[in-house]
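User: I have a structure to go through with you. Can we start with the side chains?
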Amino acid sequence: MALSIGKVYELEKELDSVFSGLFGANWKEVNKAAVMKCDKATLTNLVLSAVRVMGNSKETLQSAAMSYEALTEEVMLHQNSVIQLQDELLKSKSEQMEAVQTTVKSEIRSFSDVVKKGCEDRITATQVKAAVKSAVKD
C-alpha cells in the first residue's frame, strides 16, 4: 500500500463514522457508561470495525515508515552532493584568487620596473641648460 494523505483522512473518517454510528458521538466523547449500554451485536460491530481500522492503520504506518526511510536516504545523498559541489566551488574560487594575486603581483612588478627606469633616465636641469647652449651656438 502506497502512503497517501488521502488514505490517512479516509481512515480518520471511517473511525469517526464507526463511533458516531454506534454511540452517536465522537470517539473522544465515548466513555465506559456508553459502552456498557451496548448490546452484544453493537459491541461485535464495534470490535470488527476497530480491527479493520487498526489493520488499515498498520498498513498505512508501515508505508509511511518505508517512505520516511527512502526520503531520509535521498536527503542524505543530496546533502553529500551539495557538500561535494560546495567543496568544488571553494577550490575553484581559491584557484581564481591565486591567479588574480599572481597577475596583480606581476603587473605591480612591471609597473615598478617601468617607474624605476623612467626615474633613472630622467633629464637634469644641467643637461637641459647644456643642450640649450649647444643649440643656441649652432
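User: Is Glu 14 buried or exposed?
Analyst: This is a predicted model. In it, Glu 14 counts as buried because its relative accessibility is 17%, under the 20% cut-off.

User: Which helix is Glu 14 in?
Analyst: Glu 14 sits in helix α1, which covers residues 5-23.

User: What is Glu 14 in contact with, leaving aside neighbours within four places in sequence?
Analyst: Arg 52, Val 53 and Asn 56. With Arg 52, the side chain of Glu 14 makes a salt bridge, N to O, at 2.6 Å. Arg 52 belongs to helix α3 (residues 40-120) and Glu 14 to helix α1, so the pair ties together parts 38 residues apart in sequence.

User: And Arg 52, how accessible is that one?
Analyst: Arg 52 is partly exposed, at 43% relative accessible area.

User: How many salt bridges are there in the whole structure?
Analyst: Two. Besides the Arg 52 and Glu 14 pair, Asp 87 bridges to Lys 91, with the closest N and O atoms 3.5 Å apart.

User: Where do Asp 87 and Lys 91 lie?
Analyst: Both are in helix α3, four residues apart, which is about one turn of the helix. Asp 87 is partly exposed, with 38% relative accessibility.

User: Changing topic: which residues form a nonpolar patch on the surface?
Analyst: Ile 5, Val 8 and Tyr 9, which together have about 300 Å² of accessible area.

User: Why does Ile 5 count as exposed?
Analyst: Because its relative accessibility is 58%, and the cut-off for exposed is over 50%. Ile 5 is in helix α1.

How values were computed: Residues are numbered from 1 along each chain as its sequence is written. This is a predicted model: local features need pLDDT of at least 70, side-chain atom pairs count only at pLDDT 80 or more; totals for chains, interfaces and linings use all residues. Side-chain values use heavy atoms; hydrogens and water are left out. Patches are made of residues with over 30% relative accessible area and no salt bridge: like charges are joined within 9 Å, nonpolar side chains (Val, Leu, Ile, Met, Phe, Trp, Tyr) within 5 Å. Accessible areas come from the Shrake-Rupley method with a 1.4 Å probe; for residues, only the protein chains shown count as cover. A salt bridge is a side-chain nitrogen of Lys or Arg within 4 Å of a carboxyl oxygen of Asp or Glu. Helices (H or I, at least four residues) and strands (E, at least two) are DSSP runs, numbered from the N terminus. Buried means under 20% relative accessible area, exposed over 50%, partly exposed in between (1.4 Å probe, protein chains only). Contact means heavy atoms within 4.5 Å.
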